[in-house]
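Biologist: Could you take me through this protein step by step? I would like to begin with a single residue and then widen the view.
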Amino acid sequence: MMQMTGRPAAMMPFMDAMKTCYQLKYVSFEGRASRSEYWWLQLGYFLVVFVAGIIDGVLGMSILGTIVVLGSLLPLIGAGVRRLHDTGRSGWMLLLALIPFVGVILLIVWMVSDGQPMDNQYGAVPTNTL
């Protein structure tokens, strides 16, 4: 028997997460983001930066990597804030990343934690659908 937790029944697919973060919620810091939305965005960003780094290395310049990093900065921050909202924390907690080691480890623990199973002050439970 399946337990009803209030969380999304399925994780968000990779392309839906990318579309949500780069198109629908490019600079949105409101609402909540599921674990799958946040971590798919992180993976997609890593892959694009990796490929841009290879291309920049072949071309002998770093313009493409710079464009990717600058173009992804706001969606990454927005998804991080929304992910913290999903766990019931303020988006300002993202600033803990500025504390060496301890801040980053704490944020990673929060980012992998399950979100709150009910609506909270930041919005409704993410549906993982577009």
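Biologist: In which helix is L76 found?

Modeller: L76 is found in helix 3. Please bear in mind that this is a predicted model.

Biologist: Is L76 buried or exposed?

Modeller: L76 has a relative accessible area of 16%. Residues under 20% count as buried, so L76 is buried.

Biologist: Which residues is L76 in contact with, leaving aside its neighbours within four places in sequence?

Modeller: With those neighbours set aside, L76 is in contact with L41, Q42 and Y45.

Biologist: And how far is L76 from R7?

Modeller: Their C-alpha atoms are separated by 22 Å. Along the chain, L76 and R7 are 69 residues apart.

Biologist: Let us turn to helix 1. Which of its residues are buried?

Modeller: Helix 1 runs over residues 14-24, and A17, M18, T20 and C21 are buried there. Seen down the helix axis, the buried residues fall within an arc of 160°, so they line one face of helix 1.

Biologist: Now the whole protein. How many helices and strands are there?

Modeller: There are four helices and zero strands. Read along the sequence, the pattern is α-α-α-α.

Biologist: What does the C-alpha trace span?

Modeller: Along its principal axes, the trace spans about 55 × 30 × 25 Å. The protein has 130 residues, of which 32% count as buried. Its accessible surface comes to about 8000 Å², and 73% of that belongs to carbon and sulfur atoms.

Biologist: How many of the contacts join residues at least 24 apart?

Modeller: Among contacts between residues at least 6 apart in sequence, the share is 70%.

Biologist: What about the charges: how far apart are the mean positions of the positive and negative ones?

Modeller: The protein has 8 positive and 7 negative charges, and their mean positions are 4 Å apart.

Biologist: One last topic, the backbone. Which value does phi of F101 take?

Modeller: Phi of F101 is near 60°, a positive value in a residue other than glycine. F101 lies in the loop between helix 3 and helix 4. At 68% relative accessibility, F101 counts as exposed.

Biologist: And where is N128 found?

Modeller: N128 is found in the segment after helix 4. Its phi is near 65°, again a positive value in a residue other than glycine.

Biologist: Is N128 buried or exposed?

Modeller: N128 is buried, with a relative accessible area of 9%, whereas F101 is exposed.

Technical notes
Residues numbered from 1 in each chain as written. Predicted model: local features only at pLDDT ≥ 70, side-chain atom pairs only at ≥ 80, totals over all residues. Heavy atoms only, no water. Buried < 20%, exposed > 50% of the residue type's maximum accessible area, 1.4 Å probe, protein only. Helix = DSSP H or I, 4+ residues; strand = E, 2+ residues; numbered from the N terminus. Arc of directions from axis to C-beta. Contact = heavy atoms within 4.5 Å. Areas by Shrake-Rupley, 256 points an atom, 1.4 Å probe, with all protein chains shown as cover. Lys, Arg positive; Asp, Glu negative; His and termini not counted. Charge placed at Lys NZ, Arg CZ, Asp CG, Glu CD.
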